[in-house]
Structure formats: C-alpha cells, structure tokens
Amino acid sequence: MTLLGSCCRCAGALAVVPLAVILAVMFETPTVTMLRTGGSSPREDASDAAPLDPRLREPTSLDATEEAKDGPAAPRMGSGNMFDRIAFAYDAANKWMSFGLDQHWRTTMVKDCLQLRPDDRVLDLATGTADVSILVGQELRRLGASVRDAVLGVDPSNEMLRRGVAKVQQNGLEHVVRLVKGDAQDLRTVQVIDAEGTLAEKSPGAREASVDKISMSFGIRNVPDRAKALREMRRVLDPSQQSRVCILELSLPTGETFLSRLARSFITEVVPLIGWVATMGSGGEEYEYLERSILRFPKPLDFARELQAAGLPVERITSFAYGAVNLYTAAPA
C-alpha cells in the first residue's frame, strides 16, 4: 500500500462520517454511570461488606494484552519499545484520531476527577509525552503548590519520555514534574531520564501510601498484567478519603445507537489508517495493534469490577464519544 493510496483511503473513510456526527461528538453531553460500591473492598467478608452494585456481580472476562494472548514471542506490541517507534507521530496521531478532543478528555480527568489540592503528590502512569503530567503540574501551580517534584510521571518508553521532558521544560515545570522510566506493575524502582534520552541509574520509586492521586490515560490496555498494576496502584495510594484514582481508557462502543455504531466503525476502520498515515507508513502494525487492544479490553462494567477486586471501588464512569472513551473515578477501599 502506497502512502498516497492510504491517504486516499483514509480520506474516503473519513468522508463517510458526516460533519454532523463529528460535531455531535465534539458537543455531546457525557454519559455518567454511578456505581453503588459503598466504599468497600470485595476482599472483605461478605457479612461485613456493603452491597456491591449488582452490575458488578457479572463475571468479568479477564482480557489480556498482546503479550499474554500471543505468548512470549510477541511482547513488543504495547511495550515501551513499540512506543519508541511511533513516538515521533504520537501527539499528532492522537489529535487526528480524536478530532482534537484528546486534550479535552485529559483536562476533564485533571479538573473533575482528580480533585487536586495544593499539597497533593500525584502519580501519572503511562505519562507518554507528559500531557497529563503537565496539566496536573499547571493546575498545582495555579493552586499555589510549593511541593518539589509533586508530579511523578512514569512510562516504559524512552522516546516518549524524552519528548515529554522537553515539553515539561518548555512549560517551566522542571521543579514540579519529574519524568522517569518505570513499570506500572512494579513501581519500587525507576530511572530518571533527561531531554537527550539519557537514563540515570535505578533509584527508589513510589513507596507504600506515598501518593494522593493517580492518573492514567490510554495506557492500562497495554499493561501485560492489569491486576498486578491495579494492586500496585492500591499499594502506593494513600488510604485517605481525599485520594483518587482516575483512569481514562478507550473502549469499543456498544453499537446500540446510530452514532455509537459510527463511533465503533471509526475505531475499527479509520484508526489504523490514520496511524499508518501519521507515521508515514512505518507504524501500520502498531496502530493495527491499537485497534486490537481496544477490541480486547473489557467492557466498562467489567473493568470496574477489576478495579473493585484490587481494592479501588469505582464511584462513577463518565463516557465520552458515545462509549469510545471512558473515565473511571475510583477511591481506595
């Protein structure tokens, strides 16, 4: 497939999405699903636990990443090495795929979900090129925060982090935001990285109950062992009532309505083409993986059940783009 041919196909695919639908996505009112978790952990004895929302009682399909599905021969899809290869086009591709709404969704997570306070310490997992870390740092600075390195951004990709460090410096947040290479499944050690991509020696990461807020945008799909990562979040999160976990993730729309079906078709038909064009033909396989990872990710209530099982009961799910993007607001049990 030539680049010109792909551009034509991409333009044709986009043309089938009427302008009215694009505007509808841009100006839609998000759907909010409240869950009655009662703040209790499913690990508690049934006689003492508050009743769970009945929608969370259905057995969850413990979906897996590319590595778990295809075995050890395919660990690179979804890994830091994969994102190293597409880092140069990542920000631009996100804007094309979301009609420029990706920043709006991230801002909503920071402003509405995290409920930041001036003295908060924030862990931003899958920080990538640091968009959320920067938004959090800017908000903390606006609130008058004085804590040095109040935001710890963690990602497994050198190239994404290198670009993120440059963006942090451009925003004058060097003393607020610290970016490190690390694994969401084990945050005990990390490596500081600079704008040239030079990694320091391993150093202590996040201690138990050491952070007040955790954010993660469009990254939990790529973690090989989701349950392990969720338990690690619970380990490092302070158990206070003000603590929050906010996870923004893609999901396959149900297709129950006309607009939902169009959103579903956009993910399965258009997203891989946009990725291929954005990376100038070098990232087709990676963006096909993006589509597959969305198809494999649990439905919103199933993922909420996984969070509940990790001791992070979900208070509400806010759905954007007719179910294509979901924001999970959780608190420690």
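This is a predicted model: local features need pLDDT of at least 70, side-chain atom pairs count only at pLDDT 80 or more; totals for chains, interfaces and linings use all residues.
Okay, hi everyone. The chain has 333 residues, and 53% of them count as buried. In terms of elements, we've got 11 helices and 10 strands. If you take contacts between residues at least 6 apart in sequence, 73% of those join residues at least 24 apart.

Now, the rings. A search through the whole structure turns up four aromatic pairs. Let me walk you through two of them.

Start with tryptophan 105 and phenylalanine 320: their ring centres sit 6.4 Å apart with the planes at 40 degrees, so we call this pair tilted. It links distant parts of the chain, since tryptophan 105 is in helix H5, residues 102-113, while phenylalanine 320 is in strand E9, residues 314-320, and that's 215 residues apart. Are these two buried or exposed? Tryptophan 105 is buried, at 7% relative accessible area, and phenylalanine 320 is buried too, at 4%.

Next up, phenylalanine 303 and tyrosine 328. This pair is edge-to-face, 4.9 Å from centre to centre and with 80 degrees between the planes. Phenylalanine 303 belongs to helix H11, residues 300-309, and tyrosine 328 to strand E10, residues 325-330, so the pair ties together parts 25 residues apart in sequence. Phenylalanine 303 is buried, with a relative accessible area of 0%, and tyrosine 328 counts as buried at 1%.

Definitions and conventions. Residues are numbered from 1 along each chain as its sequence is written. Side-chain values use heavy atoms; hydrogens and water are left out. Helices (H or I, at least four residues) and strands (E, at least two) are DSSP runs, numbered from the N terminus. Buried means under 20% relative accessible area, exposed over 50%, partly exposed in between (1.4 Å probe, protein chains only). Contact means heavy atoms within 4.5 Å. Rings of Phe, Tyr and Trp (its six-membered ring) pair if their centres lie within 6.5 Å; planes under 30 degrees apart count as stacked, over 60 as edge-to-face and the rest as tilted.
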